[in-house]
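Please keep the sequence and the structure in view while reading.

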Amino acid sequence: MVVLGIESTAHTASVGVVDGSARVRSLATDMYRPAHGGIHPREAANHHAEVFPELVERALVSSGVDVTEIEAIAFSQGPGLGPCLRSGATVARTLAQAWEKPLVPVNHCVAHLEIARVLSGFRDPVLLYASGGNTQVVAFSNGRYRVLGETLDLGIGNFLDKLALSLGATFPGGPILEKWAREGRDVEALPYSVHGMDVSFSGLFTAARAAVARGIRKEDLALSVELTAYAMLCEIAERGLAHLGSRELVLGGGVACNARLRAMVEAMAAPRGIRVYSPPPSLCVDNGAMIAWNGILAHAGGITTEIEDSVVLPRQRTDQVDAPWRAGPSSGGEVSPP
Ligand code: AMP
Ligand code: MG
């Protein structure tokens, strides 16, 4: 089975072709980069509409797959920015109709977990999902993926981007802060906001801006912010793992490309005997391959949508979608890729 997947929840337009053994046959991605400031949903959606025809063509040609071999078209249904989601869904509907293929809706957050799960070979991992708009700890239980903890305000990536922008960097700011942080020396104490299983970043942002006003070196600020924010993520991931008695952790989302976050997660996990897997950067950030792979699982689980019902769901929650491809009532459910 081969599925073509379309991703367009935020700044990234991406098309992936994946087969039933989770081999990524091709991946074509193009990221919207705002000229100044943060992401503008309408501009991003226009960018996606412009680049998608070429991305589809490129993904198809480089996959070596014939259209007749494609069994379904999968697309990110949510959560995400409405205009961006609609750009991708329009392309998906068009392809499904033109090629007479079933259309498979995919939850973006679940797709991050599923691609990491299959690549890791882990059976039932907890996901630490750290991206631009989302920050969650997710695990499977009773037929669905559940959010164990999450941000109460900004996504961690948006927080890093906003902070970097206010210091004169361009979007995306996370990698720029990472570079600055490598030159950091003095660590400043900043607000550490963990509320049970949840985190928040707005107080950290305000305090970071105040430190800038006091003249902190941007390298020291970047180091202090990374240490504080990533420790918060490690804490809620660790508590989630402890609660479930799980020994498998996967990372996902663009911020999971960060070397310091990966090292801190490893340092948390090793003493507990927890194995950690981080996908390669191209599959950690938003990408069409994870949508295609989740499309394969969902299609095998009987999930399709008619075109007229294929509305995008910008606020769709991870725990609002069934995961029928995961057998069993509890988190010990069996994994059987088709
Ligand atoms: P995503 O939304 O998953 O595509 O990820 C995009 C987010 O990841 C943006 O907020 C980026 O600033 C952030 N990001 C990407 N690479 C890094 C990195 N190396 N360190 C920290 N943040 C990063
Ligand atoms: Mg994402």
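Predicted model: local features only at pLDDT ≥ 70, side-chain atom pairs only at ≥ 80, totals over all residues.

Residues are numbered from 1 along each chain as its sequence is written, chains are lettered from A and ligands numbered from 1 in the order in which they are written, and side-chain values use heavy atoms, without hydrogens and water.

Five strands form an open sheet in the order 3-2-1-4-5, with mixed pairing. Helices (H or I, at least four residues) and strands (E, at least two) are DSSP runs numbered from the N terminus, and two strands pair if DSSP finds at least two bridges between them. Strand 3 (24–31) and strand 5 (103–107) are at the edges with a single partner strand each, so one side of each has no neighbour in the sheet. Strand 2 (residues 12–19) pairs with strand 3 in the antiparallel sense over seven bridges; T12 has M31 of strand 3 as its bridge partner.

Helix 2 (residues 82–99) lies across strand 1 (2–7), strand 4 (70–78) and strand 5, at about 160° to strand 4. Angles run from 0 to 180 degrees between N-to-C directions, and axes are lines fitted to C-alpha atoms, for helices over the stretch in contact (heavy atoms within 4.5 Å).

Helix 4 (residues 156–166) packs with helix 7 (residues 218–244) at an angle of about 170°, their axes being 12 Å apart. Helix 4 is therefore roughly antiparallel to helix 7, a term for angles over 145 degrees.

Note on methods
Parallel < 35°, antiparallel > 145°, perpendicular 65-115°, else oblique.
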